Amino acid sequence: DPQLNPNYSFDNFIEGDCNRLARSAGYAVSGKPGGTSFNPLMIYGGVGLGKTHLAQAIGNQIKSALPDKLVIYVSCEKFCQQFVDSLKNNTINDFVNFYQAMDVIIMDDVHNFAGKEKTQDIFFHIFNHLHQSGKQVILTSDKPPKDLAGLEERLLSRFKWGLSADLQVPDLETRMAILKKKMYTDGIELPGEVIEYVAHNIDNNVRELEGAMVSLLAQSTLNRKEIDLGLAKSMLKNFIKNSSREISMEYIQKLVCEYFEVPVEMVKSKTRKREIVQARQISMYLAKSHTKTSLKSIGQFFGGRDHSTVIYACQTVEDLIDTDKKFKAYVLDIQKKLKMS
Ligand code: ADP
Ligand code: MG
């Protein structure tokens with residue numbers, strides 16, 4: 001199947017405490033698709049922690065052990081697009097029949113269903129059909145089902161039927177093992193101290209770890225230098241600097257408004273509507289804590305307000321973070337997105 005990338009296997013998915021449950025559940029499912037209680041199997045975790053890799057590894061493993069099984073891997077985004085196309089072309093039956101004929105469906109990044117009610121309806125029916133016929137459903141998501149905002153309750157309740165297993169940030173030892181394995185696969189030898197240095201300093205996610213390695217190799221080729229600790233140090237300085245570039249107030253505003261689905265211009269307006277005030281206050285709070293801008297300039301930016309308004313906004317947000325769990329979750333979620341940029 002062209003959707004499955006053969007480079008993602010169990011073999012090159014390094015096991016660690018961070019992924020043990022998800023990995024072994026995935027392995028169990030691949031030996032007996034539809035025949036375990038892990039149906040659906042939901043793998044969740046942050047960006048670059050191996051969700052796609054693991055989900056694809058399950059698909060590849062099934063294809064090689066049970067070649068007669070029909071396995072489809074599709075990103076949620078692509079599924080949504082296909083659905084819209086099939087509506088336009090009047091081929092909705094073909095669309096549904098195609099998915100309902102599968103033995104295994106792997107859907108990546110189901111958080112992208114948020115807000116897409118019609119597509120969720122269709123997937124709900126496909127899911128029920130497959131599940132009732134003992135077919136396997138594998139899902140990935142950036143959050144556990146209980147925290148998936150914008151998804152219909154009945155779909156979420158299905159997602160909770162089987163097993164949800166998370167992928168966490170790998171510990172140092174696992175990060176080193178991942179780097180060693182990649183180097184080995186690419187036929188590159190690196191001094192142990194370089195591997196240790198990189199694994200020590202890049203501790204966000206696996207994708208960044210690989211990114212650091214790629215730029216290290218590129219630098220070594222460009223400058224015709226051996227990869228040693230000195231090169232690793234100078235490379236990482238740039239790498240870390242580039243990935244933590246300054247966050248602008250425009251960007252904060254855009255992110256917050258997108259998050260709460262409020263129009264950007266409203267935040268700068270005089271309106272006292274609750275959701276707008278909330279977006280405005282959170283934006284000010286984030287501007288204060290994530291930029292070096294003065295209170296005066298922050299007030300200016302968000303609709304020509306004075307610095308005492310900014311102080312009041314920050315105080316309000318801090319109080320709400322302490323007292324309102326849901327509010328706190330919103331702010332943390334937005335902060336996470338800010339840091340990912
Ligand atoms: P996600 O889908 O969660 O954003 P990916 O599956 O795309 O993350 O993983 C990002 C990169 O990290 C991929 O190249 C993947 O092969 C690699 N990776 C993640 N986890 C592991 C692991 N445990 N062992 C080896 N490689 C890993
Ligand atoms: Mg992915």
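Mentor: Let us begin with Gln136, which at 0% relative accessibility counts as buried, where buried means under 20% relative accessible area, exposed over 50%, and partly exposed in between, all with a 1.4 Å probe and protein chains only. Please keep in mind that this is a predicted model, in which local features need pLDDT of at least 70 and side-chain atom pairs count only at pLDDT 80 or more, while totals for chains, interfaces and linings use all residues. Residues are numbered from 1 along each chain as its sequence is written, chains are lettered from A and ligands numbered from 1 in the order in which they are written, and side-chain values use heavy atoms, leaving out hydrogens and water.

Trainee: Where is Gln136 placed, and the side chain of which residue does its own side chain join in a polar contact?

Mentor: Gln136 is in strand β4; helices (H or I, at least four residues) and strands (E, at least two) are DSSP runs numbered from the N terminus. The side chains of Gln136 and Asn39 are joined by a polar contact of 3.3 Å, and a polar atom of the Gln136 side chain also lies 2.9 Å from the backbone oxygen of Phe38. A polar contact is a pair of N or O atoms within 3.5 Å; within protein, one must be able to donate a hydrogen and the other to accept it, and residues adjacent in sequence count only if both atoms are side-chain atoms.

Trainee: What kind of peptide bond joins Asn39 and Pro40?

Mentor: That bond is cis, with omega at about 5 degrees, and Pro40 is found in the loop between α1 (20-31) and β1. Most peptide bonds are trans, and most residues other than glycine have a negative phi.

Trainee: Which loop holds Asn90, and what is its phi?

Mentor: Asn90 lies in the loop between α3 and α4, with a positive phi near 60 degrees, and it is exposed, with a relative accessible area of 69%. Asp109 has a positive phi as well, near 65 degrees; it sits in the loop between β3 and α5 and counts as partly exposed at 22% relative accessibility.

Trainee: Changing topic, which residues have the most contacts inside the largest nonpolar core?

Mentor: They are Phe79, Met107, Phe113, Phe123 and Phe159, in a core of 29 residues. A nonpolar core is a set of buried Ala, Val, Leu, Ile, Met, Phe, Trp, Tyr and Cys residues joined through side-chain atoms within 4.5 Å. Among the elements that each supply at least two residues of this core are β2 (71-75), β3 (104-108) and β4 (136-141), and α5 gives the most, with six residues.

Trainee: What about Gln120, buried or exposed?

Mentor: Gln120 lies in helix α5 and is buried, with a relative accessible area of 1%. A polar atom of its side chain lies 3.3 Å from the backbone oxygen of Gly150.

Trainee: Now the ligand: which residues come nearest to ligand 1?

Mentor: Of the 18 residues around ligand 1, those are Ile14, Gly48, Lys51, Thr52 and His53, where a residue is near a molecule if one of its heavy atoms lies within 4 Å of it. Lys51 is in helix α2 and is buried, with a relative accessible area of 8%, and an N or O atom in its side chain is 2.8 Å from an oxygen atom of ligand 1. A polar side-chain atom of Arg207 lies 2.9 Å from an oxygen atom of ligand 1, while a polar side-chain atom of Asn19 lies 3.5 Å from a nitrogen atom of the ligand.

Trainee: How much of the accessible area of ligand 1 does the protein cover?

Mentor: The protein covers 92% of the 560 Å² of accessible area that ligand 1 has on its own, with such areas coming from the Shrake-Rupley method with a 1.4 Å probe.

Trainee: Which domains give residues to that shell?

Mentor: Domain 1 (20-166) and domain 2 (172-243) both do, so ligand 1 lies between them; such domain bounds come from an automatic or database domain assignment. The assignment also gives domain 3 (249-340), and the C-alpha centres of domain 2 and domain 3 lie 37 Å apart.

Trainee: And how many helices and strands are there in the protein chain?

Mentor: There are 16 helices and five strands, and of the 341 residues of the protein chain, 45% count as buried.
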